[in-house]
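Have a look at the sequence and the fold, and then we can go through the details together.

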Amino acid sequence: MSEKNNCFKEAVCVEVQRIFDSCSDRDGIYDLPVTLNLDSDPITEDMHTVRVRSAEVEVTCIAVDNVMLKAGYYAVDITYRFSIIAEAFSNGFCQKASGTKLCGTATWNKRVILFGGESNTKVFTSEDKLIPSVLPECCGSFCQDFNMTMPKATVKVINPVALEAKFVCLPVHKGCYVPDVKACCCNMPPVHTSNEDCCCQSPAFPPKPIPLYEKTLVVSLGLFSIVQLSRPVSLIVPSYDYYMPHKECINGNTVQESANDIFDRLEFPTEQFFPTPVDDVSSSNCGCFAPIPNKPAEKPDC
C-alpha cells in the first residue's frame, strides 16, 4: 500500500454479510445407494467387485426453517447430490486394467442447528424479482416479494473421499409368489433370507406378497463441509482512500514470453520426489479434526 493509501481519511458505512454462527463437520456416509443414469452400462450378475473412479458434489439444495421454542436458532436442511463414476469387474484374482463403467447419482440429507439472530425487518431492493399480488379491489394491485427475515445459509464443501464401493441386494418392490419362478432374488441370496420371504416357498402354501431384490451399487463417502448463517448488517469502517492498483497490465498481443523463460523461473519440486514423513503428517492437523465415526455393521452382500 502506498503512502497515499495508508493515510486515514474518514469513517464510512458499508453493508456486509455478518456470520452469526458456523460449524465444520466431517461426515462418514456409509452404504449410500447409487441410481444409475439412463446412459450408463447396467449391472450384470457377473460383476463381483467394483471401485470408485470419481465422486463429486454435483449440486446442493439448502432450506432454512425456524426451530420451535428456541428463538434465534434455525434448522438448516442440506441435500447433497453426488455424481459417481465407478468401474465394475468380473470375479477373478487379477483384474484387467479397466472395467465396465457405471455412472450414476446418489443423494444424502443432513440437518444442522445454528444461531442466526432475530430480525423483524422486511428488506426490499431494486434487484428483487417482484410479482403482482392480488389485493382487495379497494386497494388495487401492487407487487409482492418473498424476501423474508430468514438468515442466509451458506454451505462450503469439497469433493468427497471415496471410502468403499460394493454390490448388495436391496428390496425394490413386492410381487406375488409364483411356484415356477425362482429368479426373484437376483439369482443371489437377499439381505434378509427366510423360507417365507424368498422364492423357495412350497406350492402348497397360498400365494402371498414377497419382496423382490435387485443388485445395487452402494458407496461409502467421507465429506468435509462448513455451514454458515449470516445476515446483512451495516458497519462503520475506516476509509483510507480509493484503491489504485499499481500493477501494470500485460498486453498479451504484444508481449510474449517463451515457454523456456517460464520454465526457468520454476523452482525444482524437491518435495514431490520424496514421501512425507509420518511425523509430519500426524502433527500437521494439530489435533483439530475428530476421528471419523465408527462404521456401522455391514449388511450382507449379494
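This is a predicted model: local features need pLDDT of at least 70, side-chain atom pairs count only at pLDDT 80 or more; totals for chains, interfaces and linings use all residues.

**Salt bridges**

D25 forms a salt bridge with K110, with the closest N and O atoms 3.1 Å apart. K110 lies in strand 5 (residues 100–115) and D25 in strand 1 (residues 10–33), so this pair ties together parts that are 85 residues apart in sequence. Is K110 itself buried or exposed? With a relative accessibility of 11%, K110 counts as buried.

K110 also forms a salt bridge with D27, and here the closest N and O atoms are 2.8 Å apart. Since D27 lies in strand 1 and K110 in strand 5, the pair connects parts that are 83 residues apart in sequence. D27 counts as buried, at 14% relative accessibility.

Another salt bridge joins R81 and E58, whose closest N and O atoms are 2.6 Å apart. This pair links distant parts of the chain, with R81 in strand 4 and E58 in strand 3, 23 residues apart. R81 is partly exposed, with a relative accessible area of 37%, and E58 is partly exposed too, at 41% relative accessibility. As for shared partners, salt bridges join D25, D27 and K110 into one network.

The structure holds seven salt bridges, including those in this table:

| Salt bridge | Closest N and O atoms |
|---|---|
| K110 and D25 | 3.1 Å |
| D27 and K110 | 2.8 Å |
| R81 and E58 | 2.6 Å |

**A lysine without a salt bridge**

K215, in strand 10 (residues 209–239), is buried yet has no salt bridge. Which side chain of opposite charge is nearest to K215? That is E45, 4.6 Å away, and a salt bridge would need a nitrogen within 4 Å of a carboxyl oxygen. Backbone oxygens do come within reach of a polar atom of the K215 side chain: that of T44 lies 3.4 Å away, and that of E45 lies 3.5 Å away.

Four strands form an open sheet in the order 2-5-4-3, with antiparallel pairing. Strand 2 (35–36) and strand 3 (47–66) are at the edges with a single partner strand each, so one side of each has no neighbour in the sheet. Strand 3 is joined to strand 4 (residues 73–90) by 17 bridges, and M47 stands opposite S90 in strand 4.

**A nonpolar patch**

I158, V161, L163 and F224 make a nonpolar surface patch of about 330 Å². Of these, L163 is found in strand 9 (residues 161–176) and counts as partly exposed, at 40% relative accessibility.

Notes
Residues are numbered from 1 along each chain as its sequence is written. Side-chain values use heavy atoms; hydrogens and water are left out. Patches are made of residues with over 30% relative accessible area and no salt bridge: like charges are joined within 9 Å, nonpolar side chains (Val, Leu, Ile, Met, Phe, Trp, Tyr) within 5 Å. Accessible areas come from the Shrake-Rupley method with a 1.4 Å probe; for residues, only the protein chains shown count as cover. Helices (H or I, at least four residues) and strands (E, at least two) are DSSP runs, numbered from the N terminus. Buried means under 20% relative accessible area, exposed over 50%, partly exposed in between (1.4 Å probe, protein chains only). Lys and Arg count as positive and Asp and Glu as negative; His and the chain ends are not counted. A polar contact is a pair of N or O atoms within 3.5 Å; within protein, one must be able to donate a hydrogen and the other to accept it, and residues adjacent in sequence count only if both atoms are side-chain atoms. Two strands pair if DSSP finds at least two bridges between them.
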